[in-house]
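Here are my notes on the structure, as numbered points. Please read them with the model open beside you.

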Amino acid sequence: MSASREKKKRQELLANGAADPKAARAAEQKAAERKSNILYATVAILFVIVAAGLWFYNSGIIQRSQTAVTIDGEKYNAAETSYYYGQVYQNYASFYSAMGMDPTGLKSQPYGGEDGKTYDDFFKESAVDNMKYIHAAVKAAKEANITLDSDDEAVVKANVDSMKSAAANSGYGYSAYLKAMYGATMTSSVFESCLRDQVLAGKYAEQYGEENFVYSDEDIQAYYEEHKDSYDVIDGAYITIDSAPEAKTDDEGNAVEATEVEVAAARLAAMDTANKILADFEGGQSLEQLAEAKELPYSTTISGASTTYGEWFYSAARKAGDAEIIEDDANSKIYVALFNGRERDASLDYSVRHVLVTAENLDLPEGEEATNEQIEAKANELLASWDGTEDGFAALAKEHSQDGSAETGGLYENVPKGQMVASFQDWCYADGRKSGDTGIVQSQYGYHIMYFVGYGDTEYWRYACENQLRSDDENAWRTSLIEATPAEVNESGMKYVG
């Protein structure tokens, strides 16, 4: 059939409604292509939806919105609960890690020997208790029309700035650091909101305490009489004699346990030494000189009534001049002890300025580590530049001190005994210390250039007793708030905490 006749035949078929085979094949091909394109488009859309879902999930938005705890009818989500969990963990981590806690396995490690209870359980329970207290205190603050003022907002800002600084020093952004510290659900808005609640709760607690935790002289004296062993100082001395047998090892260097005969012989020899020392002392010789002659430990520090020798010193039966031998078989020690007297600790509070000098004060080449000699030399150099006045010393501290008190000219006011490190405190309590004295002391923090302002008028025993009374009452009040505040844990939200 010629081409023209074939063309004419197709036209007749089309006119009668028949399909053109060639056109039909083309149409089928186009339809298949459309189906394929629709399939690919659908897969692409589904992929985008899944990816968006994964991003949404991994962003923590779903988890943080889950209710973890309901307190007195108010819901707290996982992110808010994580804030308090993180604080509890940070407060306890160092202590429990030193006792063997593995921070990477909190949900599997048993806590405190309690059946089935883990460290994670403990941190969560403590977090909920803290949340109940904060909730109750914030509610009471609002009812009393107590709000955050500019000073309080400055405290919030200082904490936020400190967190941002820590983040930068650790190589993190602010938001990423918060997640590292408090978990993946944490955001800056949640962190700062919880921080404001804490500051408001603290403000309310302070005002409540000022109104309710007030103690008379009679209250303080009564508390002292009941607990005087904790607030008295002993004037006395003792020599320590080791009553354990000499340690022995076998040929391979392993320790060999002493026999009963050896233990008895060593104790008898130590007791003989103690009896001779006591006899010589009663004969008029100095206990300190006797210890020195026999190269034995001598001490005038009696550290409380809980030790074996402490029980003897703090006994109500003691009177000046008592001297006895005290046996401590549990620790293989024998003491020759002398009691001179006992009185309440009348150490006064004090005020002092200081300049903390550290490696940061030195301009060293990059990579060179500062030595103690260099830091001490810098401290002496700064002291030598001082103009001799208290105002001049304050200016020196503001410019050079690496301590947080630099802003106030290095001033610590009304410091009670026991608050500062030993070398710092010992300098302030040195015999003959007077206003205007200066010096340099070393501590684990660096070298302190000291300027003594003067003693106050509060004796340590009184400060300590009043402080303990207040602490006991504050703890009881806090516990009462916690116990009176209902809370319900929602496990579906709590699983995102910790």
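1. Helix 5 (residues 119-143) lies across strand 1, strand 2 and strand 13, and runs at about 45 degrees to strand 1. Helices (H or I, at least four residues) and strands (E, at least two) are DSSP runs, numbered from the N terminus. Angles run from 0 to 180 degrees between N-to-C directions, with axes fitted as lines to C-alpha atoms, for helices over the stretch in contact.

2. This is a predicted model, in which local features need pLDDT of at least 70 and side-chain atom pairs count only at pLDDT 80 or more, while totals for chains, interfaces and linings use all residues. Residues are numbered from 1 along each chain as its sequence is written, and side-chain values use heavy atoms, with hydrogens and water left out.

3. The three strands of point 1 belong to an open sheet with the order 2-1-13 and antiparallel pairing. Two strands pair if DSSP finds at least two bridges between them. Strand 2 (74-77) and strand 13 (487-489) stand at the edges with a single partner strand each, so one side of each has no neighbour in the sheet. On average, neighbouring strands of this sheet are turned by 25 degrees against each other, direction ignored.

4. Strand 1 (residues 67-71) pairs with strand 13 over three bridges. Val69 has Val489 in strand 13 as its bridge partner. Helix 4 (residues 78-98) also packs on this sheet, touching strand 1 and strand 2 (contact means heavy atoms within 4.5 Å). The direction of helix 4 makes about 75 degrees with that of strand 2.

5. Another open sheet has four strands in the order 10-9-12-11, again with antiparallel pairing. Its edge strands, strand 10 (411-415) and strand 11 (438-443), each pair on one side only. The twist averages 35 degrees from one strand to the next.

6. Strand 11 is joined to strand 12 (residues 446-459) by six bridges; Thr438 has Tyr451 in strand 12 as its bridge partner. Helix 14 (residues 390-400) packs on the sheet and touches strand 9 (348-357) and strand 12.

7. Just after helix 10, Gly284 takes a positive phi of about 115 degrees.
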